[in-house]
Amino acid sequence: MKTRFLAVIDRKRKSPWFALGVNLMAMLAMTLVMRPSFETNDDIVFAEFGSGLRGVKTPRLVFQNYILGLVYRLLYQVTGRLPWYTIVQYAVLVAAFSAVTYVFMNRLKGYWGLYLSFILLWVFGYESYIHIQFTKTAGIAAAAAVLLLFHMITSEKFCVWETVAGFLLGLTGFMYREDQFFASSALMAGVGIYFIFTLKKRFPGKEWKRFGLCAGIFGMLLLAVFAVDCTDRLMYKNPQWQEYQRFNNLRSELLDYGFPDYESNQTLYQELGISREAYELYRTWNFNDPDKFTTEVMEKLAEQKPEKILSGKVIHSFVKRFPGDVLQQKAFWIVLLLFVLWLFFGKKGYAAWFGLAGELCMLGGLNFYLYFQGRYLVNRVDVGLWFSVCLTMAWLLADSVKEREKAKERSKGKVGALSVPTVSMEKISGRWGLVLCAAVLLIAQSFWYDDWRLTTREIPKARVSQRAVLETIGTDKEHVYLAKSGTVSEIVCYGPFDPMPENLLDNLYWLSGWECRTPGIVKEMREHGVTNPYKDMIENKKVYLIDDNIQLTLDYIRQNYDKNAEAVFVKTLGNVDLYQIQGSVRE
């Protein structure tokens, strides 16, 4: 006999508040067991721009929408003591996963919707809560938004809050990373195909009206996305930001996709004044020489890169490796599990098969595009794509199970109907559902283990030690510090939930990074008397250079600015060496 508490839970299990409560508890449990971290440097730079750690406070985040940056700035102005960047991202993720739980709790009988949500969380919650990365958040929010909107469209009654929630989730996903929003939304194609093929059966006589509702809802979402995008573009219209965006596009082309080979293009490099030493500096991200590594030089290098040609050889190469790469994806095994459940419990009509086929074609097509573009098997991109595939498979499972249950109800009393024994998900939705969740959870420990707090107990100590280096630099306002790529990094000093002191590092600038030539950083450097770091560090007593390959830097300076330059070791600070550059010229 159920207790009163369990009876209340049973009555509320289809409520959005139930879904939210379950996902809040799941998030807290995962973050208590494991230690969250930023997967890439990008997120910590966004947090710095919001908090003002490096002296620059701006909502212009380049890769995230201006409106989202404005939210960060407003929150940090309320209090800088809280890690708002991480809190906002966690709020979006909890909302997205709650939407998924809500949808499947309402589309499946019993608690199978909850079990499916937990199975997805063991993989995707780990990837998003523990290895935080804004591109992942964009993909998860976009897929959850499309799922919620399709749930509303296929329900008997129009629900305003579901529509608004779907719009907000979708817009937030777009604001985090627009390319990922479109990719993850496109990979919900299987749900759309299934919807079209089941329209007439599900809404007899009203199929065109329901199709119009679908087109209208997603049309309005696209219009809202367009409006948000236009707002963002307006914020970058001034000449400084226009020039920066031109630089950043070229930087991405060269740094993310590779420079032209030096040996094969030696004549061009010599014409551009780029020596072997300069090439080594630039391609390892230490490119912040605005006098030598100009946008004009970058354009000529980008033009020299061989044009990508679609050929049979390229297609064959992709087809040959793609199946093996799929097997390496953790999420593939979740898709396979859902597929097996569908084979056992679902009604396998032509609509489901077409939806599944369309989804597989879209998955293959998107991965081939990424392969062709040189962005294949990038985890932060793949997480959002596979989340969409999992949601699509879960949708087909939920709907086909419902169809099979309806067919079973209609067949009652009919002689010879359903002569083949069938198994109902509802009958095994208790004990065996929990066993399945527990089994997936145990398997997940194979990759959770490296992030357990018990196995990462030294990380907080290491962060404090590394942070001491930055704090020493930050409190020495009499000097300007210029850092080579990889010498000091905030990502090893600050975790996602560590507060960042305002203006602490307003005297530290990197010779690398996509942000190094943003107008705000350029302005701060000029106020410290630095326009060209490589040139202005020469014979400048105020400037310390943090370097892990001083000879390469010295060779570059001698070739371009002062042939008599010498590096003078100043001291070791923590695990980094500080130098000053002496020379015969100081302009």
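1. A word on naming before we start: helices here are DSSP runs of at least four residues, numbered from the N terminus. With that in hand, look at helix H22, which gives the most to the lining of the second largest pocket, with seven residues. Please keep in mind throughout that this is a predicted model.

2. Let us stay with that pocket for a moment. The second largest pocket has a volume of about 670 Å³. Its lining is made up of 29 residues, and those closest to the pocket's centre are Arg517, Thr518, Pro519, Val522 and Arg526. Helix H12 (239-256), helix H15 (295-304) and helix H22 (519-527) are the elements that give two or more residues to this lining. Sorted by class, the lining of the second largest pocket holds 11 nonpolar, 10 polar and eight charged residues.

3. Four cavities of 30 Å³ or more turn up when the whole structure is searched. For the largest cavity, the volume is about 60 Å³. Among the residues lining the largest cavity are Phe38, Ala47, Tyr76, Trp84, Tyr85 and Thr86, together with Gly495, Asp498 and Met500. Which helix gives the most to the lining of the largest cavity? That is helix H5 (residues 84-107), with three residues. By class, the lining of the largest cavity has nine nonpolar residues, two polar ones and one charged one.

4. Another pair to find in the viewer is Tyr371 with Tyr376. Their rings lie 5.4 Å from centre to centre, with 90 degrees between the planes, and the pair is edge-to-face. Tyr376 counts as buried because its relative accessibility is 12%, and buried means under 20%.

5. Two charged side chains sit over rings. Arg107 lies over the face of Trp395, at 3.9 Å from the ring centre. In the other case, the charged end of Lys330 is placed over the ring of Phe447, 5.0 Å from the centre of that ring.

6. Finally, a point about the backbone. Most residues other than glycine have a negative phi. Val62, however, has a positive phi, near 70 degrees, and is not a glycine. You will find Val62 in the loop between helix H3 (41-51) and helix H4 (66-78). Why does Val62 count as buried? Its relative accessibility is 18%, and the limit for buried is under 20%.

7. Though not a glycine, Leu377 has a positive phi of about 60 degrees. The place of Leu377 is the loop between helix H18 (350-373) and helix H19 (379-411). With a relative accessible area of 35%, Leu377 is partly exposed.

Definitions and conventions
Residues numbered from 1 in each chain as written. Predicted model: local features only at pLDDT ≥ 70, side-chain atom pairs only at ≥ 80, totals over all residues. Heavy atoms only, no water. 1 Å grid on protein atoms, 1.4 Å probe; cavity = no way out; pocket = protein on both sides within 12 Å on 5 of 7 lines; lining within 4 Å. Points joined across faces, edges and corners; volume = space filled by probe spheres on them. Nonpolar A, V, L, I, M, F, W, Y, C, P; charged D, E, K, R; others polar. Phe/Tyr/Trp six-rings, centres within 6.5 Å; stacked < 30°, edge-to-face > 60°. Buried < 20%, exposed > 50% of the residue type's maximum accessible area, 1.4 Å probe, protein only. Lys NZ or Arg CZ within 6 Å of the ring centre and 35° of its normal.
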